[in-house]
Amino acid sequence: MNSILTNILGENSKIWTTQGKLIVEENKSHSGNIDVLINMGEKEKIAIDAKFPLEQYRAINKAIAQKADPTLLKINNDKFKIAVKDKIKEVKKYINVKNNITNAILFVPSEAIFSYLTDEMQEIFDVSFRERVWICSPTTLAYSLHIISQIQKDYELNKNISKVKKVIIEIKDEYQRFNTRWEVIKKKLLDNEKIIRELDITINKIKDKQEKLEDFDLDE
């Protein structure tokens, strides 16, 4: 299972981690370990449990191989069905608000077992859908992880878009502040320019009078 996760999601510990500790039931302090936790962005997570009840399935295979009495095969089938249902209920306990988990995956390590469940025990899937615990074989897990990977990429893209929008808004606010301050400075500059022009006029008048005085012949 880990090789499937690595091949599709990479080795990024921010995306998925192994042996995560979770609260088993809401409003209770009891905790347990889940095999894999996948971070979906923000706080939402998906839990994967790989501890599938294989012993009961092996008993079925043994009964089939030995061409056992149909009654024994039915007994083994019923035991397997109960074991899988119990496992679904066990995984379901990890789905709660405290864990930020809304869905979980029960990993079936063999395509043959998954096929057997599909062909012989469809009701198992009805129970899993109702409990939001998705039963996945290696192939269906890989497909599900591809979808999860795309969701994560879309999330990161939208998160970056939000950051860009935030920067644009900040730039707009800064520009508005700059424009307001520039208008104040520009007004002062224009006022100063007017004063400078008036001072130039006064200086020129003084200069003209000075030149006239210099041209005036005091001896006459």
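Mentor: Let's start with the overall layout and then turn to aromatic pairs and a helix contact.

Mentor: One thing to keep in mind is that this is a predicted model.

Trainee: Okay! How many helices and strands are there in the protein?

Mentor: You'll find six helices and five strands. Starting at the N terminus, the order is α-β-β-β-α-α-β-α-α-β-α.

Trainee: And what share of the residues is buried?

Mentor: Of the 220 residues in the protein, 29% are buried. The exposed surface comes to about 15,200 Å², with 56% of it supplied by carbon and sulfur atoms.

Trainee: Now the aromatics. How many aromatic pairs does the structure hold?

Mentor: Six. One of them is Y57 with F80, a tilted pair with 5.7 Å from centre to centre and 50° between the planes.

Trainee: Which helices do Y57 and F80 lie in?

Mentor: Y57 is in helix α2 (residues 54–65) and F80 is in helix α3 (residues 70–92), so this pair ties together parts 23 residues apart in sequence.

Trainee: Are those two buried or exposed?

Mentor: Y57 is buried, at a relative accessible area of 10%, and F80 is buried too, with 0% relative accessibility.

Trainee: Why is the F114 and F125 pair called edge-to-face?

Mentor: The planes of F114 and F125 stand at 85°, with the ring centres 5.6 Å apart, so the pair is edge-to-face; the cut-off for that label is over 60 degrees. F114 belongs to helix α4 (residues 111–120) and F125 to helix α5 (residues 122–131), so the pair joins parts eleven residues apart in sequence. Both of these residues are buried.

Trainee: Switching topic: how do the axes of α3 and α5 sit relative to each other?

Mentor: The two axes come within 10 Å and cross at roughly 10°. Angles under 35 degrees count as roughly parallel, and α3 and α5 are therefore roughly parallel to each other.

Trainee: Which residues meet there?

Mentor: From α3 you have K81, V84, K85, I88 and K92, and they meet E123, I124, V127, S128 and E131 of α5. By type, the contact has four nonpolar residues, one polar and five charged.

Trainee: Last one: what fraction of the contacts is between residues 24 or more positions apart?

Mentor: Counting contacts with a separation of 6 or more, residues 24 or more positions apart account for 63%.

Technical notes
Residues are numbered from 1 along each chain as its sequence is written. This is a predicted model: local features need pLDDT of at least 70, side-chain atom pairs count only at pLDDT 80 or more; totals for chains, interfaces and linings use all residues. Side-chain values use heavy atoms; hydrogens and water are left out. Rings of Phe, Tyr and Trp (its six-membered ring) pair if their centres lie within 6.5 Å; planes under 30 degrees apart count as stacked, over 60 as edge-to-face and the rest as tilted. Helices (H or I, at least four residues) and strands (E, at least two) are DSSP runs, numbered from the N terminus. Buried means under 20% relative accessible area, exposed over 50%, partly exposed in between (1.4 Å probe, protein chains only). Contact means heavy atoms within 4.5 Å. Accessible areas come from the Shrake-Rupley method with a 1.4 Å probe; for residues, only the protein chains shown count as cover. Axes are lines fitted to C-alpha atoms, for helices over the stretch in contact, and angles run from 0 to 180 degrees between N-to-C directions. Angles under 35 degrees count as roughly parallel, over 145 as roughly antiparallel, 65 to 115 as roughly perpendicular and the rest as oblique. Ala, Val, Leu, Ile, Met, Phe, Trp, Tyr, Cys and Pro count as nonpolar, Asp, Glu, Lys and Arg as charged, and the others, Gly among them, as polar.
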